[in-house]
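Subject: Handover of a structure and notes on its contents

Dear colleague,

Please find the structure below, together with its sequence. My notes on what was found follow directly after it.

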Amino acid sequence: MPPTAPAPTRTAVARALVTGAALTVLAGLAACGTETGDQPDRTLGEVKPVKPVRPAAPARPVVQGLPGMPPVLHPRDVYAADRPNKLSPVVRDFPSRVYVPNTESDTVSVIDPKTYEIVETIQVGRQPQHVVPSWDLKTLWVNNNRGHTLTPIDPKTGKAGKPVDVHDPYNLYFTPNGKYAVVMASLDRELVFRDPHTMKIAKTVPVSCYGVNHADFSLDGRYFVVSCEFSGELLKVDTEKMEVVGQQKLPFEGAMPQDVKISPDGKRFYIADMMADGMWVLDGDRFTEPTLLPTGKGTHGLYVSRDSREMYVSNRGEGSVSVFDFEKGELTKKWRLPDGGSPDMGGVSADGKVLWLSGRYDDEVYAIDTRTGEQLARVKVGSGPHGLAVYPQPGRYSLGHTGIFR
């Protein structure tokens, strides 16, 4: 018989128990994974860390927009589609130009923004007031106010087409769904809804105020606010019904409201007033009495920066531009043109670096650096330059005027 094995010592028993417990723990850990990829490395001391699961970001509220309009990209930023050089494929190959309507010369001066030189002069109808990008971005419409026509310009070639008969086209807008063009017939005292391509009349809306001229649409596109220059009033218009649903007189004797712009979050409308020397701040949804924020003499045009943080306010009566901070709700800077001037209407370059404004009473155009406020150039143009358009600009579609893009 083989010799009897010696009884294990107390130390050996203890080592065996510890080793067995460790193996049991490791086996249990390995069994926790449900798939091969979920199991940690079985080599002791090389267990891979498990990444923590991040909670899902809260979903943005969906804005129920006007039927047929493109979806709102961001519920707190109307201008989310207007970031620097974010050009639509429709306009990507268009040459960059500044189109200046000269009200007393009956021409449009075309400026190359790289050289600050006029590259072409286009003859148009009597008293062109604004150059307006169409909803589909394919056409620039020149509003020949006293000539009672719209002259189409192809922004790809820079060539003008055959004028279209439209009575009293002081200014031109487009509903956010692209269904209608809206002509601001200032002296006719009408809002005229038309086919956006043929300009055939769909509905004429008489108004009781005088001098309808500028407008902007709510975040959801369901209504727009209109300024009435000659009677110092504001209108609220239901876009789908094509009806005036609100009207109020501004609380300032002799008020002359001009340009209209909505805040990025859609909560307020700003209305420039050239006689009150400031801009009115309006709750558009409630359409209650607005408050006045002084900006400078002859407040006229309103243009939003490419990052949606600031708005440039042209003060035509003092040759300056005020800079308004949306978040702070106050003016932070004022840029004065070095030799004075009459900055009126215009727009911001595609890259957001240059603000272009017409010099209404000085037959010139100003290029202003949006980072420093420095005047980059003064370009002599025709007589009485007014609503110039910088084109192309970022955005999916145009709401009209000299370029309101979303």
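In these notes, a residue is called buried when its relative accessible area is under 20%, exposed when over 50%, and partly exposed in between, using a 1.4 Å probe and protein chains only. G158 is buried by this rule, with a relative accessible area of 10%.

Please note that this is a predicted model, in which local features need a pLDDT of at least 70 and side-chain atom pairs count only at pLDDT 80 or more, while totals for chains, interfaces and linings use all residues. Residues are numbered from 1 along each chain as its sequence is written, and side-chain values use heavy atoms, with hydrogens and water left out.

Confidence

The pLDDT, which is the predictor's confidence in each residue on a scale from 0 to 100, averages 90 for the protein, and 85% of the residues score at least 70. Over residues 1–45 the pLDDT is below 50, and this stretch has 9 contacts in the model beyond near neighbours in sequence. A contact here means heavy atoms within 4.5 Å.

Surroundings of G158

G158 is found in the loop between β6 (149–154) and β7 (159–160). Strands are DSSP runs of E with at least two residues, numbered from the N terminus. Leaving aside neighbours within four places in sequence, G158 is in contact with E120, I122 and I153. Y99 is 59 residues away from G158 in sequence, and the C-alpha atoms of the two are 9.6 Å apart in space.

Sheets and strand pairs

Two strands are said to pair if DSSP finds at least two bridges between them. Strand β19 (residues 278–282) pairs with β20 in the antiparallel sense over 4 bridges, and V281 has T291 of β20 as its bridge partner.

An open sheet of 4 strands is also formed in the order β21-β22-β23-β24, again with antiparallel pairing. Here β21 (299–304) and β24 (330–336) stand at the edges with a single partner strand each, so one side of each has no neighbour in the sheet. Within this sheet, β23 (residues 320–325) and β24 pair in the antiparallel sense over 6 bridges, and the bridge partner of S320 in β24 is R336.

Strands β11 (residues 190–194) and β12 (residues 201–206) run antiparallel and are joined by 5 bridges. E190 stands opposite P206 in β12. The hairpin of these strands has 6 residues between them, and M199 takes a positive phi near 70 degrees there.

The disulfide

With a disulfide taken as a pair of cysteine sulfur atoms within 2.5 Å, the count comes to 1 disulfide. C209 and C228 form this bond, with their sulfur atoms 2.1 Å apart. The pair links distant parts of the chain, 19 residues apart: C209 is in the loop between β12 and β13 (212–217), and C228 is in strand β14 (residues 223–228). The torsion about the S-S bond is about -55 degrees, so the disulfide is left-handed. Both C209 and C228 are buried.

Salt bridges

The structure holds 17 salt bridges, a salt bridge being a side-chain nitrogen of Lys or Arg within 4 Å of a carboxyl oxygen of Asp or Glu. Among them are the following:

- D112 and R97 meet at 3.9 Å, N to O. D112 lies in strand β2 (residues 107–112) and R97 in strand β1 (residues 97–102), 15 residues apart. D112 is buried, with a relative accessible area of 14%.
- R146 and D168 meet at 2.9 Å, N to O. At 32% relative accessibility R146 is partly exposed, whereas D168, at 1%, is buried.
- D344 and R360 meet at 3.8 Å, N to O. D344 lies in strand β25 (residues 343–348) and R360 in the loop between β26 (354–359) and β27 (364–369), so the pair ties together parts that are 16 residues apart in sequence. D344 and R360 are both buried.

With kind regards
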